[in-house]
Amino acid sequence: MTARSTRCTTAKTRTSRLAAVAAIAVAGSMLLTACGDQTEGGSTPTKGAGTASTNAAPLFSKLPADIQKAGVIKVGTDASYAPMEFTENGKIVGVDPDIAQALGKQLGVEFKFTSGTFDGLITSIYTGRQDLIMSSMTDNKKRQEGLDDNGKKIGKGIDFVDYFSSGVSLLVKKGNPQNINSLDDLCGKTVAVQRGTIYEDTFKAQATKCGANKLTIQAFDTDAEAQTRVKAGGAVADLNDYPVAAYIAKTSGGGNDFEVVGSQSDVGLFGIGVSKENTQLRDAVKEALDAIIKDGTYAEALKKWDVEDSAVKSATVNAGK
């Protein structure tokens, strides 16, 4: 699958998400376990329209009363994952904030983004600190059901409104000096990856496949650190969601640091995370997503960042595997 997984400092995991950032830091993964709520840092609002008493937005009435009254939907993200979400001139920008802005116009409220570590995002939903997660988070059964990698119940789980589709790709040093074209080419070599992500899981599965021809995995807190390791020659490859990997290859070092090799694999869905106890908010976001798909603003947001190929045709709930 794609995009980020779960992760924590003590127990980290994460599922596919659009690959890491170029020269910008890409952070976090996320394990559904007892990570503390780590969402903090600067926030960037995306404006909605109106107030609880005057709001004329098409879907405002669909929102829970407390959000109507507040006029704000609090969104947790890990703003280090360009082009999906990253910080530029002190503002959180990218694909997800642009989609959120379009959703906000339908719902008539402001989407207020706050950046934190990826592995704390699900916990921020559990604690009520955030209403939604928009952070290139892969929708999968483990997250839906609150399970760890061994199938043990460790949380309530969350629901997802699926809004984006992506596969994962290998990112190597420019010129591909080790001639890496597939996961099988990694056997006997060293790779770098963000800790707790689905990418780390993919490398672990490949390590098992490599057997005695050992694949060494170096895991880091951020994808930016993994990229640095590849750039320095200490590892032969990093793994990311294709749109992110392509963005990194295009922008890092003016396009001279990395290149994307091989074909995409493990295509999966990114979802907007929401509490299982807040089905009204989940359904309102789903309806808003269908509305912006229909009116074309969703396509405009994706085109702006050159990720049109990752568009979904309609909003779904918990469609991840």
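Begin by selecting Leu 63, Ile 73, Ile 99, Leu 107, Phe 111, Leu 132 and Leu 186, the residues with the most contacts inside the largest nonpolar core, which has 73 residues. A nonpolar core here is a set of buried Ala, Val, Leu, Ile, Met, Phe, Trp, Tyr and Cys residues joined through side-chain atoms within 4.5 Å, where buried means under 20% relative accessible area with a 1.4 Å probe, protein chains only. The largest share of this core, 7 residues, comes from strand 10 (residues 158-173).

This is a predicted model, in which local features need pLDDT of at least 70 and side-chain atom pairs count only at pLDDT 80 or more, while totals for chains, interfaces and linings use all residues. Residues are numbered from 1 along each chain as its sequence is written, and side-chain values use heavy atoms, with hydrogens and water left out.

Next, select Leu 186, which, leaving aside neighbours within four places in sequence, is in contact (heavy atoms within 4.5 Å) with residues including Leu 170, Phe 203 and Val 236.

Now select helix 2 (residues 95-107) and helix 9 (residues 297-304), whose axes, lines fitted to C-alpha atoms over the stretch in contact, lie 9 Å apart at an angle of about 160 degrees. Helix 2 and helix 9 are therefore roughly antiparallel, a term for angles over 145 degrees. Among the residues that meet are Ile 99 and Ala 102 in helix 2 and Tyr 298 and Leu 302 in helix 9.

Conventions:
Axes are lines fitted to C-alpha atoms, for helices over the stretch in contact, and angles run from 0 to 180 degrees between N-to-C directions. Helices (H or I, at least four residues) and strands (E, at least two) are DSSP runs, numbered from the N terminus. Angles under 35 degrees count as roughly parallel, over 145 as roughly antiparallel, 65 to 115 as roughly perpendicular and the rest as oblique. Buried means under 20% relative accessible area, exposed over 50%, partly exposed in between (1.4 Å probe, protein chains only).
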